[in-house]
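Please look over the sequence and the model below before reading on.

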Amino acid sequence: MSVAPIRVLVAGCGHMGASHARPHHARREFELGGHAPRGSETRRNLNEALGGGFEEFGEYAEALAATKPGAVCISTYTETHAPYAIAALEAGAHVFLEKPLADTAEAAAQVIDAARRANRALVVGYILHVHPTWQRFISLARTLGTPLVMRMNLNQQSDGEHWHTHRNLLAATSPIVDCGVHYVDVMCQMTGARPVRVSGISARLADDVARVNYGQLQVTFDDGSVGWYEAGWGPMMSETAFFVKDVIGPRGAVSITAPAGGSANLESHTRTEKLIVHHAALRPEGTFARPGGILALDDEPGHDALCRREQERFLDAIVGRFDLEAHWRGALDSLRIVLAADRSAQEGRTIEL
């Protein structure tokens, strides 16, 4: 017996919204029901790219009421995440929500509570959860012993349209919050330990932005593991070492090497070139007992392919094949840590978690 496709409303028609709309349009389990609420040109461009014929709405509430979707895909700016998601859940729709979950930990908890009350799927866009190389990176990190030292950053040099987008993002959140949830979540997966304290530093490197556009956090876990994450946005950012993904333990180290393309290229944020493994064991005379190596990456999806995998996971969650409670716990924990780091930078003190 055939099952009617799930009608999807796409909220947010920028780059991420388009990347998520394409797999919804392509899969028979979904059908697009409309686009909202970004500017008319953005909506029109996405509509044309998908073959046209989809309703366009200037207001999210109007779109939700008119389309009566079975699912909503939200890729808007952070300050709208919680109200848009709660409205969709209360209307009976499943929700795919781009990270971060919300702009405050309290709002994030309210979104999760709304999903529980409505008995609807809520999947947060942690794209590294469906990235095979990153999952292998995490798995290898767990073989290195404890404590771990985790070093990560993603600095982005931007101009033109990209700098315009970053300035808009800065109206609601800082780089260590917006991007940091990904990498702090990775640190939590690597250690399996409880974070106990976090400290942050930040700087405002431009006069025309609402808040600091550079930040760094340091987090300590209860097993002695430590990690740092750094993120900056803007035309002043250096391309030197914009991509550091490195973990060190008593038994050695694993690194993801920087891809080609530069920090402004969105593909370079998820594309990986190779995994480098180093073994720390020594022979009795003190030389290395086992050579390191470069691991082949047989499955290396691009950004849009990863978005397709995210929507496959969303479908799994809708039909009950995905542990949402664990997913929500991870999304909330990583958000709380980066928000505490942001607060630490503002107040100039370490925050106990």
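Predicted model: local features only at pLDDT ≥ 70, side-chain atom pairs only at ≥ 80, totals over all residues.

Residues are numbered from 1 along each chain as its sequence is written, and side-chain values use heavy atoms, with hydrogens and water left out.

The chain holds 12 helices and 15 strands; these are DSSP runs numbered from the N terminus, helices being H or I of at least four residues and strands E of at least two. Of its 353 residues, 54% count as buried, that is, under 20% relative accessible area with a 1.4 Å probe, protein chains only.

The largest nonpolar core has 103 residues, and Leu101 and Met190 touch the most other members. Such a core is a set of buried Ala, Val, Leu, Ile, Met, Phe, Trp, Tyr and Cys residues joined through side-chain atoms within 4.5 Å. Helix α12 (residues 324-347) gives the most to this core, with nine residues.

Strand β9 (residues 214-221) is mostly covered, with six of its eight residues buried. Strand β8 (residues 195-203) runs antiparallel to β9 and is joined to it by eight bridges; strands count as paired if DSSP finds at least two bridges between them. Strand β10 (residues 226-234) is also antiparallel to β9, through seven bridges. Gln216 in β9 stands opposite Ile201, and its bridge partner in β10 is Glu230. Four residues lie between the strands in the hairpin of β9 and β10, where Gly224 takes a positive phi near 95°.

Notes. Buried < 20%, exposed > 50% of the residue type's maximum accessible area, 1.4 Å probe, protein only.
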